[in-house]
Amino acid sequence: MIYKRFKISIIISAIASSLYAQDKPFDFNKAPLKQNVYVQLPLGSIKARGWLLKQLEQQRDGATGMAEELYAEKDNLGKDTDWLGGTGNSWERVPYYVKGLVALAYTLNDEKLKEKAKKYIDWTLNNQQPNGLFGPQKMKDWWPRMPMMYALQSYYEATKDKRVIPFLSKYFKYELANLDADPLNEWGKSRAADNMEIAIWLYNKTGDRDLIRLVEKLKQQAYPWIDIYTNNQFYFFGDDFQPKHMVNVAQALKFPVVYAQINDTKANLDAFTKGIKHIMHDHGQPQGLGSGTEFLSGRSSTGGVETCTVVEWMQSLETAAKVIHQANIGDQLEKVAFNALPAQFSRDFKNHSYYALPNQVLSVNGGQGFNQDYGSGLISSPYSGYGCCRYNMHMGWPYFVKNSVVATPDQGLALITYGPMEIETLVSGNEKIKIAEETNYPFDEQITLKISLAKPTSFPFTFRIPTWCIQPTIKVNEKTLKGVKAGEMFRIDRQWANQDVLELNFPMEISTRNQVNNSISIERGPIVYALEIKAKNKLIKTHTVKGFADYEILPESPWNYGLLLNKGKLNKLFSVVKSTMPENPFVAEVAPIKLKVQAKKIPSWSLTYNQIAAFDVPFSPVVSNEKPEEIMLVPFGSENIRLSCFPTIGNSEKIHGSLSENFDNGIPPNWVFYGGGWFWKDGAVNASSNAGSGGYGINGSKYVANNTDFHDFTYQANIKITTDGDAGLIFRVTKPAIGPDAYQGYYVGLSASGKEIQIGKANGKEWTVLDRINYPVEMNKVYEIKIMAKNNKIDIFIDDFTKPLLTVKDDQYQSGSIGFRTYKALATFDSVKINSL
């Protein structure tokens, strides 16, 4: 009986698809879905021009166009891949690649790229199993089919191939019937929003209510992303790394807004905004997204961003902009696209870096100490780091282009992001319109839109007015419109005529944004600026594919600068240097906009102990007796080594007297973690499980209040150890870096497994025990530790403060910051009190 109902359902779905032969130009949300949701234009409706076209052409001529030659193994993109019926095992790699390839091919209207894409599309469509399952028969995983469905969606938008709708309908029937017996797990459980988004898209084509049921089931089986984003719960899942894996977090950002189309509640919509706020507060980077190496890794200026994170974060924002019509979503999208995205690639798009750092003053082989460490993770290579990014990265620019302009349910258009483009689509029913968007934005402030219409046509046109903009203006046929305000979606509802011209002017001023250790980043409009560092590419390997090689990148000019800002107005302290718009503006030497500013070198700021990264940016202000110099800043995305978190020069403002911190309001902004992961829960700070980590984070990490500097003091805190290993307090800390012993200073630790208390010191590379004593430390019991340090004498008290359990004398380190440290242990810390003596 179940089989008969399933068979009938498939037949009904096929009939519905055939009845839908006359595809409408746009399919907006049908009841009972949330109304007034924008939709993307058919792929190919938006053509890039100018500098934006150059990015796509470099993809075609670089890593995207040459990917099959670069990754020719059968388990990758070789002729014997299982996604072409071969014996390989490529899992997510082919779907990732084809997702970006299809979008690039039809945006460029490039026949060779279309041919490359079509062989994967045709094999997939022509080899669906009778039960509806598709893809390699031996692949027992829901996840890799999700990016392939995006590829099929894009392909259908561009070609209207009649095979796609019944194909997806049949698969979703299979999925609905089998998810209970074979529920989502791991990557599919993390990335269910991808599946949900395509199911909603198909529902708007066919009206099949089973697709609504499917979305609900996928939501139930996925991680509780709405709760995770709302309540900052990324680290609440113990050894399960999926919810703290930054690519998953970026990819699932769309989850609340996708599901809000089924269940249109304020809580669901707010989860998206709250999630970004939590991420940026605890892990934010200057280029507009959260760190992740690969776990969420804090705000350190030397914490990385993975290429996969960049493109997935962008796609989530692109989806959100269609559901939540807020200008700041487009602002965030542009910031990531114009800064983080180009920074991940070589200037010719032949290479990428698996990780890119806000302060990355050299890129060489070697472990950085990240939670997930790769020796090649920072070099410029077609093989940098782990394999996922080299397949997933191709959708970044093409998806940005195809989501820049969207159709609105009132038969109009909305511009979400800006750039040189040409749009051909339909408005007011079936009236053809062509819009030439002429601009060098985001490097220029002016955008001109020239409209071509066969006859006068009435439709609403909505424009995102950037929140950073000062006194924006819009003119229609040279007439200035009233009511244009920064941070709003501005709607013009009128009859438009052929050769109408809109002029948008978004004046840009220089601004700063607070970053880690009280440093600042410099912005002008949507562009983040970084120190121009003269770089040298050191060839370390040549590949068999002609024109592709691996490079280390070394600085040939100083980088350890702090800015001289005093209290003057920013736009007077900086000089804007404009030059001719080049073919590719993301090349530092010819960047069309540069900034000049006064600075001083900070001699004490140097490379870390392993000499392959800089120390974290020093806490500002920083004292410097060096001579003032004029330095040049260039766009963040125009360099592969950079400095974008700048210290400021001035008298030190570190805390010397006393500090009390109960962690009642989350993670404080001036505490920074180095390695591992730290999170706030129930009014306390917790060291995270780092199971699955391939770097130093699995052994231990530090959480340091870099805004403190104590010499003689009493320092106490509550500690609870919940696993084997040891945890405790660090003090008189200077030069912290990633790694349990990568700091200079002292440590007092409790060991539950060793049943002891110990005190020792680290010199940046190794640990020296000064003394230890047996003590019956118990797991899950709260201990109050007190340290009294005066000159060279250090006393240690536990619970009873009348008599020290340990006393040592050592004068190597005189003063520094306080913090926490764990070594192969999970622990909770609270109730910090420190007072100078």
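Predicted model: local features only at pLDDT ≥ 70, side-chain atom pairs only at ≥ 80, totals over all residues.
Residues are numbered from 1 along each chain as its sequence is written, and side-chain values use heavy atoms, with hydrogens and water left out.

**Exercise 1. Find the domains and say what separates the centres of domain 2 and domain 3.**

Start with the bounds, which come from an automatic or database domain assignment. Domain 1 covers 62–222, domain 2 covers 406–505 and domain 3 covers 658–836. Then take the centres over C-alpha atoms: those of domain 2 and domain 3 are 57 Å apart.

Next, turn to the record. An unreviewed UniProt entry annotates residues 418–508 as "domain: Non-reducing end beta-L-arabinofuranosidase-like GH127 middle"; such annotations may be inferred rather than shown by experiment, and their positions are given in the numbering used here, with feature names shortened. Residues 418–508 are 0% helix and 56% strand, and their end C-alpha atoms lie 14 Å apart. Helices (H or I, at least four residues) and strands (E, at least two) are DSSP runs, numbered from the N terminus.

**Exercise 2. Count the disulfides, then look at Cys388 and Cys389.**

First, the rule: a disulfide is a pair of cysteine sulfur atoms within 2.5 Å. The count by this rule is 0. Cys388 is in no disulfide, and its nearest cysteine sulfur, in Cys308, is 3.8 Å away. For Cys389, the closest cysteine sulfur is also in Cys308, at 3.3 Å, which is too far for a bond.

Now check exposure, where buried means under 20% relative accessible area, exposed over 50%, and partly exposed in between (1.4 Å probe, protein chains only). Cys388 is buried at 9%, and Cys389 is buried at 0%.

**Exercise 3. Describe the largest pocket: which residues lie nearest its centre?**

On a 1 Å grid over the protein atoms alone, a pocket is an open set of points where a 1.4 Å probe fits, with protein on both sides within 12 Å along at least five of seven lines; lining residues have an atom within 4 Å of a point. Its volume, the space filled by probe spheres set on the points, which are joined across faces, edges and corners, is about 760 Å³.

The lining has 30 residues, and Met280, Gly288, Lys335, Arg513 and Glu523 lie nearest the centre. Helix H14 (266–283), helix H16 (327–343) and strand E16 (510–514) each give two or more residues to the lining.

**Exercise 4. Examine the backbone at Pro32, Pro621, Asn518 and Asn780.**

Begin with a reminder: most residues other than glycine have a negative phi, and most peptide bonds are trans. The bond from Ala31 to Pro32 is cis, with omega near 5°, and the one from Ser620 to Pro621 is cis, with omega near -5°.

Asn518 has a positive phi of about 60°. Asn518 sits in the loop between E16 and strand E17 (520–524) and is partly exposed at 33%. Asn780 also has a positive phi, near 65°. The loop holding Asn780 runs between strand E35 (767–774) and strand E36 (782–790), and Asn780 is exposed at 52%.
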